[in-house]
Amino acid sequence: MALTARSVIQHIDRQTEFVRSGKANSVAAKASVHPADDVGNLSLLRKIDGMILSNLAFNYIAEEVVNVLPGRGSLLGGMLRVVDAKCGDLEVVAISKSLSGPKDVLSLARLQGTTVSPNQLSKMDELTAQALNERRITSGERLKQAACPPLTPDEANQIQAHLDVKSLFVYPIVVENRLSGALTFYSSESQADVAQADEELMQSISDEVGIALANAHLTRQLDEINSKLEDANAHLQQMDAMKDEFISIASHQLRSPLTAIKGYLSMLLDSDFGEVPEKQKPVLGQLKQSTNEVINLINDMLSVSRINAQKFELTKAPVHLEEIVSDVANELKPLATERSLALKLELPTPPLGELNLDPLRMRQVLINFIDNAIKYTEHGTVTVSVRKEAGDVVLTVADTGIGIPEGELTQMFTKFYRAENARQMVTSGSGLGLFVAKRIIEEHHATPIIESVEGVGSTFGFRVPFAAVTVARDATAPVAAGVAS
Ligand code: ADP
């Protein structure tokens with residue numbers, strides 16, 4: 001874009017200087033060109049700039065450019081050839097319609113789309129070969145000097161006579177020091193009589209074509225990069241899906257034997273296989289706790305892979321939230337006792353009644369909240385509370401632990417995020433539990449609760465309107481006597 005703006009300024013400067021110096025009038029008088037042509041040329045260049053700025057396709061711009069030439073001063077038309085960056089061949093991409101002539105007469109239009117190799121060029125098109133090799137403007141009076149296959153010299157002569165071409169000029173197009181093409185102009189004046197205004201126009205148009213080619217080159221490069229990025233992205237998504245699939249399979253395979261181990265450990269601790277020596281009980285207790293931690297981690301990993309694969313769904317059923325809370329609290333009580341923490345349970349009276357929840361997912365949320373509260377608390381109490389508040393069911397797990405640094409509070413539900421103080425206190429940890437808990441809470445149309453003061457304690461939980469978890473009344477249930485009409 002900067003190139004285009006600069007080129008506009010350069011044209012205006014060149015044209016203004018040309019007119020101001022009086023050259024325009026003297027050349028116009030000498031070559032019988034009306035001064036108004038300068039203004040016309042300027043607006044033509046502005047039009048081409050406009051097309052470049054609008055990012056129109058290069059081939060379209062090329063067609064427009066060669067077709068606005070006829071009638072400008074002595075110009076009869078032009079032909080644009082572009083170098084193929086890979087093989088160096090020159091291809092005719094645009095040629096003025098004015099150079100076509102009647103159908104029964106040989107015409108330059110036959111050259112449209114033809115290509116010529118650098119080798120052929122040096123043998124058959126000396127003007128263009130010289131212009132490209134020496135990077136300078138070349139000119140001549142015979143069309144056959146700048147004709148290329150499939151035209152024979154004889155045919156070139158016939159066309160020249162028919163179109164009344166007196167001279168031709170080849171402008172090399174160099175973009176960022178790369179030979180990118182050649183623009184051939186055909187004039188009805190002999191070389192010596194071509195007006196300076198026409199030469200100015202030929203130069204300016206060649207500059208414009210160079211800019212359009214540079215833009216086309218950039219656009220092509222961008223398209224290539226975009227398509228590579230799209231491929232890489234698709235590949236990454238595929239790999240990501242494979243990773244999720246792998247984690248899902250591996251986790252499933254791990255979870256079954258671990259659940260069996262946990263079951264047998266519980267039975268051992270409950271003396272189902274005979275009395276366990278007192279000395280072994282803490283060891284078995286530790287084994288059970290570690291097995292639990294791995295199972296919880298596997299559950300979180302499975303949930304994350306389901307969330308990623310957009311296959312995370314709830315299986316709701318009418319359940320008593322208080323029962324789930326009590327079960328989880330009882331399971332984790334030994335852990336709290338081991339860390340000398342009090343685990344308090346506050347349940348509502350009267351009970352809430354049945355609520356429409358996913359019991360396994362609710363368990364997962366509670367395990368995460370209570371386990372974290374115990375893990376990140378050194379002294380004091382963990383209080384689990386279920387209550388009714390202004391039409392909402394509210395569940396909170398409050399602790400007197402390390403809390404969360406103020407600046408990190410907003411990041412707590414981010415996947416893998418662990419606060420600095422938590423990482424120092426407990427080196428192991430996945431940072432997945434809260435991410436999964438938030439998703440489960442939201443799937444229940446509930447709002448997560450997070451409050452914390454570093455060094456004082458934290459409260460995690462959720463609030464859900466009763467209406468969102470009310471068990472739908474079975475339409476087929478018998479209607480109470482006296483109510484039915
Ligand atoms: P993990 O506990 O494995 O690190 P979680 O996703 O469960 O992963 O928790 C993420 C982070 O949230 C923790 O690393 C910790 O920084 C913070 N956090 C969670 N619960 C508490 C809590 N009760 N007290 C202090 N920090 C907590």
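The legends below describe close-up views of a predicted model.

**View 1. The aromatic pair of Tyr-171 and Phe-185, which is edge-to-face.** Three aromatic pairs are counted in this model, and one of them is formed by Tyr-171 and Phe-185, whose rings lie 5.4 Å apart centre to centre with 85° between the planes. Tyr-171 belongs to strand β5 (residues 167-175) and Phe-185 to strand β6 (residues 178-187), so the pair ties together parts that are 14 residues apart in sequence. Both Tyr-171 and Phe-185 are buried.

**View 2. The tilted pair of Phe-369 and Phe-460.** The ring centres of Phe-369 and Phe-460 are 5.8 Å apart and the planes stand at 35°, so this pair is classed as tilted, because planes under 30 degrees apart would count as stacked and those over 60 as edge-to-face. Distant parts of the chain are linked here, with Phe-369 in helix α11 (residues 359-375) and Phe-460 in strand β13 (residues 457-465), 91 residues apart. Phe-369 has a relative accessibility of 2% and counts as buried, and Phe-460, at 10% relative accessibility, counts as buried as well.

**View 3. Asn-41 and its contacts.** Asn-41 is located in helix α3, which spans residues 36-53. The relative accessible area of Asn-41 is 6%, and the residue is therefore buried, since the term applies to values under 20%. When residues up to four places away in sequence are left out, Asn-41 touches Arg-72, Ala-197 and Leu-201.

Methods: Residues numbered from 1 in each chain as written. Predicted model: local features only at pLDDT ≥ 70, side-chain atom pairs only at ≥ 80, totals over all residues. Heavy atoms only, no water. Phe/Tyr/Trp six-rings, centres within 6.5 Å; stacked < 30°, edge-to-face > 60°. Helix = DSSP H or I, 4+ residues; strand = E, 2+ residues; numbered from the N terminus. Buried < 20%, exposed > 50% of the residue type's maximum accessible area, 1.4 Å probe, protein only. Contact = heavy atoms within 4.5 Å.
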